[in-house]
Every structure is written in structure tokens, then in C-alpha cells.
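Visitor: I am new to this structure and would like to learn how to read it with some care. Could you take me through a few features in turn?

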Amino acid sequence: MLCFLRGMAFVPFLLVTWSSAAFIISYVVAVLSGHVNPFLPYISDTGTTPPESGIFGFMINFSAFLGAATMYTRYKIVEKQNQTCYFSTPVFNLVSLVLGLVGCFGMGIVANFQSVTLRISTEINGDI
């Protein structure tokens with residue numbers, strides 16, 4: 001079962017690198033498109049309008065997947081450490097896995113439902 005964990009150290013590195021690239025690339029595209037002020041914009045403003053919203057959504061979805069893989073790998077490592085010595089309570093390990101996966105799911109929701117898109121659709125329907 002633990003054989004797939006060999007060489008998994010690249011996953012957290014890839015998670016941090018890919019997530020940073022998602023913010024930087026969407027920022028650059030938003031600035032070059034003239035959608036945001038180049039000096040200290042909100043991260044959420046750099047991913048609200050096309051084309052940067054598509055790039056931001058795709059890259060953050062992949063970051064959420066990498067985050068889930070990182071959480072599962074950490075869960076299995078702590079579970080294996082508990083077999084040889086008492087490292088952590090198994091309940092805490094499971095709770096941290098569930099909270100991490102919920103956070104990754106939330107990150108996917110944030111990436112796919114931009115605020116401007118929702119605001120425009122409610123204005124069209126007359127809900128405001």
C-alpha cells in the first residue's frame with residue numbers, strides 16, 4: 001500500500017509552485033488586458049473577467065486536486081508512522097484529512113464561481 005508513496009515529495013512542491021503560478025499568470029493577463037490596476041489589486045479581481053477567469057479557474061482546480069493528493073499522502077504517512085510508534089491519534093489524523101479535503105473542495109468552488117459572473121446573472125434575472 002505504501003509503495004505508491006515513494007517519490008511523492010514532489011506533490012507539495014508542485015502544489016505551491018502551481019498555485020503561485022495561477023495567481024501570477026492571472027494577474028499578468030488581467031493587467032495586460034487592462035482589467036485591474038497593476039498596483040496591489042485584490043487576488044479575486046484578477047480572476048473575475050474573461051480571459052483570466054478561465055485561466056484562474058483551471059489552474060485553481062488543478063491546485064485543489066494537488067492539495068487533495070497532498071492531504072491524502074500526509075494521511076497515509078502519519079498512518080504508517082503510527083504503526084511503528086505512537087505519532088498521533090488516528091482520529092486526529094482522520095479529522096485533518098477530512099478538513100483538508102473540505103478545504104480543497106472549497107477552493108474548487110471559489111475557482112468556478114466568480115462573483116462578477118454571479119452578479120451579472122442575477123441582474124439579468126431581475127433578482128436585485
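**A buried residue and its surroundings**

Guide: Glu52 counts as buried, because its relative accessibility is 0%; buried means under 20% relative accessible area, exposed over 50%, and partly exposed in between, with a 1.4 Å probe and protein chains only. This is a predicted model, in which local features need pLDDT of at least 70 and side-chain atom pairs count only at pLDDT 80 or more, while totals for chains, interfaces and linings use all residues. Residues are numbered from 1 along each chain as its sequence is written, and side-chain values use heavy atoms, with hydrogens and water left out.

Visitor: Where is Glu52 placed, and which side chain does the side chain of Glu52 join in a polar contact?

Guide: Helices are DSSP runs of H or I with at least four residues, strands are runs of E with at least two, and both are numbered from the N terminus. Glu52 belongs to helix 2, residues 52-84. A polar contact is a pair of N or O atoms within 3.5 Å; within protein, one must be able to donate a hydrogen and the other to accept it, and residues adjacent in sequence count only if both atoms are side-chain atoms. Here the side chain of Glu52 has a polar contact of 2.8 Å with that of His35.

Visitor: How should I read aromatic pairs, and how many are there?

Guide: Rings of Phe, Tyr and Trp (its six-membered ring) pair if their centres lie within 6.5 Å; planes under 30 degrees apart count as stacked, over 60 as edge-to-face and the rest as tilted. The count by this rule is five aromatic pairs. The pair of Trp18 and Phe62 is edge-to-face, because the ring centres are 5.0 Å apart and the planes stand at 65 degrees. Since Trp18 lies in helix 1 (residues 10-33) and Phe62 in helix 2, this pair ties together parts that are 44 residues apart in sequence. Trp18 is partly exposed at 24% relative accessibility, and Phe62 is partly exposed at 30%. Phe23 and Phe56 form a tilted pair, with 6.1 Å from centre to centre and 45 degrees between the planes.

Visitor: Which residues make up the largest nonpolar core?

Guide: A nonpolar core is a set of buried Ala, Val, Leu, Ile, Met, Phe, Trp, Tyr and Cys residues joined through side-chain atoms within 4.5 Å. The largest one has five residues, namely Ala22, Phe56, Met59, Ile60 and Ala111. Helix 2 supplies the largest share of this core, three residues. Phe56 counts as buried, with 8% relative accessibility.
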